[in-house]
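Dear colleague,

Please find below the structure I am handing over to you. My findings follow directly after it.

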Amino acid sequence: MNESILTVTQMRAAERAAMDAGTSEWELMQRAGEGAARWVMRVAAGRPVTVLCGPGNNGGDGYVIAETLLRNGTTVQVIAPVEPATDTARKARAQFDGDISADAAPRHPVVVDCLFGYGLTRQVEGVFAALLEQVDARDCYRIAIDVPSAVASDSGEVLGPLPQYDMTLALGAWKQAHALMPAIVAMGTRRLVPIGLDLGPVSTSFSSRPHLAVPSPDAHKYRRGLLAIVAGTMPGAPLLAAEAAMRAGAGYVKLLSEHSHPDAPADLVIEQDNFAGNLADDRIAAVLVGPGLGRDEDARRRLADALKQRRSAVLDADALHVLGPDLLKGADVTTVCLTPHEGELAKLCEAFGVGADGKLERTRRLRDVTGMTILAKGPDTILASDVMTHFFPRGSSWLSVAGTGDVLAGIVASRLAVHGDPQRACVEGVWLHQEAARIASPAFSAGDLARAVKPAMASFL
């Protein structure tokens with residue numbers, strides 16, 4: 001999946017451009033409604049369908065869907081609490097050759113929600129909220145057209161009763177809500193219905209599955225990338241990161257630590273003395289700082305020393321709690337990746353004076369303020385770089401276990417050591433992390449996940 005993701009403003013501009021080029025709004029509505037109707041017929045499989053139509057053009061799409069279903073022999077119930085408010089929606093209603101009720105209850109086994117489309121900005125209340133509550137209470141197959149009717153398209157914010165949908169059909173282009181929590185939890189299967197828009201260059205898209213190259217014929221351990229992992233007060237987390245990194249493509253992984261690690265694998269090199277000298281090794285291609293680092297003055301010193309080397313770096317976990325603008329003086333921020341979860345993202349925004357609402361805008365603003373590549377992880381993982389913003393398919397919910405973030409950091413750092421491109425390393429890291437979770441199967445530990453990175457690599461070569 002590598003499709004563009006549009007804001008409300010961008011979507012309206014794309015539709016306006018199509019109309020300026022000679023495609024009428026009515027033709028766009030027909031394309032959207034008929035394309036969505038084909039999906040509805042496929043999942044309805046001959047069962048009767050209820051279509052809920054709102055006052056705007058999303059309601060107009062609903063009338064086109066209902067008329068298309070009717071023409072193809074499907075029994076259709078249309079519920080429209082209010083009259084259409086746009087000329088195009090009124091035209092669609094006039095062309096529907098069936099009965100319309102203003103106050104009936106949904107009665108069919110498939111329900112199609114066309115109450116509100118993209119662009120909703122106010123709370124859904126009154127008769128519309130009551131109708132959504134009825135849909136939520138029914139045992140039926142629920143389909144949302146464009147975005148669920150109680151969802152804000154740009155933020156994914158929930159603005160009213162939100163049923164659990166089985167399918168969401170995006171019309172013309174993906175919207176930001178199709179990739180953001182909390183909305184995506186309720187969307188079910190997501191499918192795109194093209195309507196012939198020329199989207200042009202955009203700054204946000206779903207990430208495409210990467211292809212990883214095999215080492216060159218003349219490769220050796222340093223040419224493939226030496227990764228140095230900076231350990232700290234807690235030994236377990238850096239070992240997990242190292243286990244993943246050794247299986248994610250780097251040619252050489254070292255753990256720089258002042259502690260003994262009797263449980264470390266034999267093939268992990270551990271350097272316990274002369275931290276500053278070991279960190280200054282010119283052969284190091286990338287550094288990982290954070291897992292198990294601690295949050296005291298010694299942790300700050302280690303992070304500062306790593307950043308002063310001006311090498312490619314991944315900062316995770318504790319490093320994100322001690323990082324501040326003062327530590328970036330002299331660092332090459334263009335080569336640094338941050339991998340925060342929601343709490344760490346909030347901490348970073350506080351440290352760097354970033355004021356923004358919502359995960360997406362906080363991530364983008366933090367990227368703009370710091371110049372670093374930001375991989376904001378979670379069920380709605382967001383990557384903000386100097387190139388563009390990427391969203392990713394949702395990973396396994398079994399990843400919600402301690403230590404999986406350390407594994408992700410190790411994978412990203414390993415990929416960064418291989419080629420030195422922060423955005424590319426983050427993309428590869430997320431996809432490998434998700435594939436490793438699939439291979440590890442349900443109820444895995446972080447150690448199981450780290451060991452599954454090796455077979456995950458094989459599926460991307």
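Strand S6 (residues 141–145) is largely enclosed by the rest of the structure, because four of its five residues are buried, that is, under 20% relative accessible area. Please bear in mind that this is a predicted model.

The neighbours of S6 are seen in the sheet. Seven strands make up an open sheet with parallel pairing, and their order is S4-S3-S2-S5-S6-S7-S9. The edges are formed by strand S4 (100–101) and strand S9 (189–193), each of which pairs on one side only. Within this sheet, strand S5 (residues 110–114) pairs with S6 in the parallel sense, over four bridges. Valine 110 has tyrosine 141 of S6 as its bridge partner, and aspartate 113 stands opposite alanine 144 in S6.

The axes of helix H12 (residues 404–419) and helix H13 (residues 422–440) come within 8 Å and cross at roughly 135°. H12 and H13 are therefore oblique to each other, and the crossing in which H12 passes H13 is right-handed.

Which residues of H12 meet H13? On the H12 side they are Thr404, Val407, Leu408, Ile411, Val412, Arg415, Leu416 and His419. Their counterparts in H13 are Pro422, Arg424, Ala425, Cys426, Glu428, Gly429, Val430, Leu432 and His433. Sorted by class, the contact of H12 with H13 has ten nonpolar, four polar and three charged residues.

With kind regards

Notes:
Residues numbered from 1 in each chain as written. Predicted model: local features only at pLDDT ≥ 70, side-chain atom pairs only at ≥ 80, totals over all residues. Heavy atoms only, no water. Axes fitted to C-alpha atoms, helices over the stretch in contact; angles between N-to-C directions. Helix = DSSP H or I, 4+ residues; strand = E, 2+ residues; numbered from the N terminus. Parallel < 35°, antiparallel > 145°, perpendicular 65-115°, else oblique. Left-handed = near helix turned anticlockwise from the far one by under 90°. Contact = heavy atoms within 4.5 Å. Nonpolar A, V, L, I, M, F, W, Y, C, P; charged D, E, K, R; others polar. Buried < 20%, exposed > 50% of the residue type's maximum accessible area, 1.4 Å probe, protein only. Pairing = 2+ DSSP bridges.
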